[in-house]
Amino acid sequence: MNNSTELFEHKDIKCVKLEAGGYEAWLAYEIGANVIRLRDNNNGIEFFRYNEENTAEDIKQSPEVWGLPTLYLPNRFANGVLKASDAVYNLPINEAAPYNNHIHGFLHKRAHELVEHNADSNCAWVKTRYVYDENDEFFSYLPVKFTAEYTFTLSEQGLELNIRFTNNSDVMMPMSLASHTTINAPFADGGKEEDIRLTVPISKKCELNDRCLPTERLKSLTMYDLEYKNGAKCPVLQVCDNDMYVSDSIDIGGGNFFHGVVAEDAASGKKLCYEVSDEYKFWIVWNDRGMKHYFCPEPMTAMIDAPNLSLDREITGYTEVKPGDTYETHQRFFTKLPASKD
């Protein structure tokens, strides 16, 4: 199969379609550079929550729960306050009572610039960019100029996403990044939701209060939590509500350790693997009450409300980007099939 990229519209959504290595990806660059569809055509795996009838407006109304939305600033900030080292920012409270938090930022809702799309004999790729400055309506809340650059690469190795944030301002740039990754349930063609098992590499649970904010207590794992660690958790058909953990690494077979999560269709043995770089220090699992045919294993570089916590940054993961510097992360999605019995 020849690797390729092409521009097309799906239900009034402007996309770049990438095809390479038996995979197909649709990048909606005008909706937060969201991968609204990723499919392993050779092995019948639909990675992300996808609806054939979705229009651009459908996704724009709730961009957090379709495809692969990248969030800056992710999760919750108590009362909208973000305490950076050199400033205090008051973000809009967009999560109603009793929460009264700012949630998820703005970048996943912006139209990104399509910089490049192309392919060669090895892979297909797309590059997008968003320049954040005083022209963005959010700038009055967070006056810190930056450029976000995403590179999506599709090949036999799956889909890779490289993210770069460059601080274009003369102040410190708060950095907390997450993906609100929406995995389709079932993800294997012909599979059943009850056969899905999710493995999440975890070491401690981050306790949350009734506003979904950290209490700053890191707790030992219970039997409920160990279902994630041991690969026994069915992430749908039951409620998984903001289960937040400190991440670890897992063995995906043959002594290959990686930093990520694995979802398996127990009936077929097909595995959906989601690898992230070491900057992602936490996982949250959420499934919208469990009956919506998707689940979200969300990698985060920092805890919820991280800059406002009294814990050390080495624990919370919160960091800041100096003027002129760049912050970079990496993710990869790929399929792993059961070992041959021959």
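1. Start with the loop between α2 (223-229) and β21 (243-247), where leucine 237 sits. This model is predicted. Keep that in mind for every point below.

2. Is leucine 237 buried, partly exposed or exposed? Its relative accessible area is 37%. Exposed begins over 50% and buried lies under 20%, so leucine 237 counts as partly exposed.

3. Now go to arginine 289. Its loop runs between β26 (282-286) and β27 (294-300). Phi of arginine 289 is also positive, near 75°. Again, the residue is something other than glycine.

4. How exposed is arginine 289? Its relative accessible area is 55%. The cut-off for exposed is over 50%, so arginine 289 is classed as exposed.

5. Next, look at the peptide bonds. Which bond joins tyrosine 72 and leucine 73? A cis peptide bond, with omega about -5°. Leucine 73 belongs to the loop between β6 (70-71) and β7 (76-78).

6. A cis peptide bond also links alanine 97 to proline 98. Here omega is about 10°. Where is proline 98 found? Look in the loop between β9 (88-90) and β10 (101-103).

Notes: Residues numbered from 1 in each chain as written. Predicted model: local features only at pLDDT ≥ 70, side-chain atom pairs only at ≥ 80, totals over all residues. Heavy atoms only, no water. Helix = DSSP H or I, 4+ residues; strand = E, 2+ residues; numbered from the N terminus. Buried < 20%, exposed > 50% of the residue type's maximum accessible area, 1.4 Å probe, protein only.
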